[in-house]
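Colleague: I am new to reading protein models. Could you walk me through one, feature by feature?

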Amino acid sequence: MKTGQDARIIFTRQGISNGFNKCIPLGLGVFAYGLVFGVLAVQAGMTLVQAQLMSLLVFAGASQLMALELWSPHLPILTIVMTTFVVNLRHILMGAAMREWLVRLSPGKTYFSLFFMTDESWALSVREMASGSRDAGFFLGSGLCIYLFWNLATLLGAATAYWIDRYLADPSILGLDFAFTAVFIALLTFFWKGKAQIPVWLVAGLVAGIAFVLLPGKWYIIFGGLAGGLTGACRDA
């Protein structure tokens, strides 16, 4: 029987296809708030090309929506860069969680796959990896799925902003304001393995809530993640 250290990691087209197909339901949720981003980008003064390039090259939903709040003729570039850095610090923890697959791939495959990593594709891939799958192509395929839905939604939202502006000016009319939350609730269900996880989730939520009240920015994400991780590690020790 192979151990976790000598098990062979593969990277196949079938794995990419499986990851893409299994991520489609989450992609539909991402499409909803990608549509909102496209409309808001045009409302903030971007052209369709600028909005699309941001989605193609940046590909970070929360950071892109945050950047729109700071978008102006005189861009506070340093502020945008630093805020984006803090928002995405969680990717350090997420990348570390994928170590079992990524460290055994070539650097090209690893970094190419990491560009497409999102919260959604990461959660799905962690579950796939925990199930015993050795095909790291799944990670890239799920990321490509989110990338496709996000960019199609950006294009549609930016191209039709003029006509749907009156509806999306208040996303709650169509329920789109809940899409982001709904996707992450769905992600949580992937990790549910029984009541033993309740204390871990409670500690993570409590620490994140305290950090949200006491600290500026998105530090509550990092502190909540670290607290939950440490609690889980101590529980399993």
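**Reading the helices and their surroundings**

Modeller: Start with a surface feature: α13 and α14 (219–236) each supply at least two residues of a nonpolar patch. This is a predicted model: local features need pLDDT of at least 70, side-chain atom pairs count only at pLDDT 80 or more, and totals for chains, interfaces and linings use all residues. Residues are numbered from 1 along each chain as its sequence is written, and side-chain values use heavy atoms, with hydrogens and water left out.

Colleague: Which residues make the nonpolar patch?

Modeller: First, the rule. Patch residues have over 30% relative accessible area and no salt bridge; like charges are joined within 9 Å, and nonpolar side chains (Val, Leu, Ile, Met, Phe, Trp, Tyr) within 5 Å. Areas come from the Shrake-Rupley method with a 1.4 Å probe, and for residues only the protein chains shown count as cover. Here the patch covers about 830 Å² and is made by L206, I210, F212, V213, L214, L215, W219 and F223. Its largest share, five residues, comes from α13.

Colleague: How many helices and strands does the protein have?

Modeller: Helices (H or I, at least four residues) and strands (E, at least two) are DSSP runs, numbered from the N terminus. This protein has 14 helices and zero strands.

Colleague: What span should helix α13 have?

Modeller: Take 1.5 Å times one less than the number of residues. Helix α13 (residues 198–214) has 17 residues, so it should span 24 Å; its end C-alpha atoms are 24 Å apart, which agrees.

Colleague: Which residues of α13 are buried?

Modeller: Buried means under 20% relative accessible area, exposed over 50%, partly exposed in between (1.4 Å probe, protein chains only). In α13 the buried residues are V200, A204, A208 and A211. Seen down the axis of α13, they fall within an arc of 65 degrees (taken from the directions from the helix axis to the C-beta atoms), so they line one face of the helix. The face turned away from that buried side carries the exposed residues L202, L206, V213 and L214. L206 counts as exposed because its relative accessibility is 56%.

Colleague: Is C23 buried or exposed?

Modeller: C23 is buried, with a relative accessible area of 0%. It lies in the loop between α1 (13–22) and α2 (24–43).

Colleague: What is C23 in contact with, leaving aside its neighbours within four places in sequence?

Modeller: Contact means heavy atoms within 4.5 Å. By that rule C23 is in contact with L124, S142, C145 and I146. C23 and L124 are 101 residues apart in sequence, yet 7.3 Å apart in space, C-alpha to C-alpha.

Colleague: Where does S113 lie?

Modeller: S113 lies in helix α8 (residues 107–115). S113 counts as buried, because its relative accessibility is 1%. Not counting residues up to four places away in sequence, S113 touches F11, F139 and L140.

Colleague: How many salt bridges are there?

Modeller: Side chains of opposite charge can pair when their charged atoms come close. The rule asks for a side-chain nitrogen of Lys or Arg within 4 Å of a carboxyl oxygen of Asp or Glu. The count comes to two salt bridges. In one, the side chains of E128 and K22 meet at 3.5 Å, N to O. That pair links distant parts of the chain: E128 is in helix α9 (residues 119–130) and K22 in helix α1, 106 residues apart. E128 is buried at 17% relative accessibility, whereas K22 is partly exposed at 45%. R134 also forms a salt bridge with E100, with the closest N and O atoms 3.2 Å apart.
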